[in-house]
Amino acid sequence: MSAVLEREQLRQRSDYTYKFNSKTGRHGWLRLTPAYSLKIVEELIVDHEQAKRIFDPFCGTGTTVLSAAYHGHEGVTTDINPFLVWLAQAKIAHYSPGQIAATREAHASALDLVKSQSVEPVPAPSIHNIERWWSPKSLDFLRLLRAAIPAVTKERSAERTLLLIAFCRSLIELSNAAFNHQSMSFKNDIQFEIGFDEDMACVFSEDVRFVLSGASENPVGEGHVILGDSRNPAEAVKGLFDLVITSPPYANRMSYIRELRPYMYWLGFLINGRDAGELDWTAIGGTWGIATSRLTDWKRPTNHFKSANLSMALDQIAHAENKNGVVLANYVAKYFDDMWSHFLRLIPVLDRGAELHYIVGNSTFYGTLISTELFYAEMLTALGFSGIECRAIRKRNSKKELVEFDVVAQWK
Ligand SMILES: C[S@@+](CC[C@H](N)C(=O)[O-])C[C@H]1O[C@@H](n2cnc3c(N)ncnc32)[C@H](O)[C@@H]1O
């Protein structure tokens, strides 16, 4: 059978066996990546049918591990954010028809408690300016519902996990916040009113229905999601990998903690703003709250990534006509030093001939173009990888110089 035909059959099989569409299935539960990224990852996995163990050192909402498991591979992934680890573990788990039926029943019991107000509402989470997020009515409903879910389910049960994911979807639907990929903004009609409590209950019921339809489609392969720092993967994962497919953080000051804070506060992964800044400081490319002020005094480690091209770019950013030039030069330097540690420490978990795919975009700082893909290529060359290519995938937005790449390499 020709390779093209085989691939086509695999694609058809995947459409049939699980809903790849990013708006349905488990991919759609909660995600950080835009739909085109899901498609790229999916295609790479289909094109590597022979891969035995697939690794994603930057899990996010679990795109790679989920696609790998649905195509019958063993997928392993790590992330430094405990909320994302919880979410991806829930996405990859197997759910029995009994658990799905029990979740449906628990959802009805939870709504009964909310309607009769016979549960003590949880305190409102300490999100800064919470009144910008939810109208008083929506907030009351969410506080009651958040208290009702543990009241009707056992700790660590599939029922509780699935209801909490549906809760996460509802809390955004009932909020004034509009999500887009780069950042979050608030709708102009701050007092977005959904109407009666009954309508809010319907929003939750619809989310439960959606989550359960994805949960009923179990992956055929295995997936493991582990809390770990990609600057030392061997500490978190065992064995060797023959394929790495990942979308690492970009050097673009996007904070995943900032984006995820409503979920993280409501689910108890964050208690206050200081914790949020601390967690962002541990993340590669994190730059929110305390993370930014720490960058001011940050000094490059002695084993930093040595590159004349990077030094030149850092110099330009530091001397740009802007008071934040120095701190942003530090931000870029730290990003690449962290990625250097990552690539260096990735080698011990790679099998001979392992193939790497890093989906990453470039960025600009005060007119200086940071060609992340070329810096990755420079690092991989210095570390002895071969077959290095930067394949342009797409333009990121109307700025013509902003492009996304698949940086490809092979371990010897
Ligand atoms: C671009 S996102 C990954 C998106 C992912 N492909 C998805 O499906 O959502 C980058 C991820 O890297 C994680 N991250 C940042 N620094 C990390 C580190 N040192 N170790 C592990 N994960 C890290 C962030 O928490 C974030 O989830």
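In which loop is Arg253 found? Arg253 belongs to the loop between strand S6 (241–246) and helix H10 (256–266).

**Model and confidence**

The structure is a predicted model. Mean pLDDT for the chain is 89, and 89% of the residues reach 70 or more. Two segments have pLDDT under 50 throughout: residues 1–21, with 20 contacts beyond four places in sequence, and residues 188–192, with six such contacts.

**Overall architecture**

The chain comprises 412 residues, of which 46% count as buried. Its secondary structure consists of 15 helices and 11 strands. When contacts between residues at least 6 apart in sequence are considered, 71% of them join residues at least 24 apart.

**Nonpolar core**

The largest nonpolar core contains 116 residues; Phe83, Leu145, Leu163, Ile165, Val332 and Phe336 touch the most other members. Helix H14 (residues 325–346) supplies the largest share of this core, with 11 residues.

**Ligand surroundings**

There are 22 residues around the ligand, and those that come nearest are Phe58, Gly60, Thr63, Ser230 and Ile284. The shell divides by class into nine nonpolar, nine polar and four charged residues.

**Leu356 in strand S7**

Strand S7 (residues 350–361) includes Leu356. Leu356 counts as buried because 24 other C-beta atoms lie within 10 Å, the threshold being 20 or more. Residues up to four places away in sequence aside, Leu356 touches Val244, Val408 and Ala409. Leu356 and Trp411 are 55 residues apart along the chain, and their C-alpha atoms are separated by 8.0 Å.

Most residues other than glycine have a negative phi. Gln117 is not a glycine, yet has a positive phi of about 50 degrees; for Arg253, also not a glycine, the positive phi is about 65 degrees. Gln117 is placed in the loop between helix H5 (97–116) and helix H6 (130–133).

Are Gln117 and Arg253 buried or exposed? Gln117 is exposed because it has 12 C-beta neighbours inside 10 Å, and the limit for that class is 12 or fewer. Arg253, by contrast, is buried, since 21 other C-beta atoms lie within 10 Å. The table sets out the burial counts.

| Residue | C-beta atoms within 10 Å | Class |
|---|---|---|
| Leu356 | 24 other C-beta atoms | buried |
| Arg253 | 21 other C-beta atoms | buried |
| Gln117 | 12 C-beta neighbours | exposed |

Definitions and conventions. Residues numbered from 1 in each chain as written. Predicted model: local features only at pLDDT ≥ 70, side-chain atom pairs only at ≥ 80, totals over all residues. Near = placed C-beta within 6 Å. Nonpolar A, V, L, I, M, F, W, Y, C, P; charged D, E, K, R; others polar. Core = buried A, V, L, I, M, F, W, Y, C linked by C-beta atoms within 7 Å. Helix = DSSP H or I, 4+ residues; strand = E, 2+ residues; numbered from the N terminus. pLDDT = per-residue confidence, 0-100. Contact = placed C-beta atoms within 7 Å.
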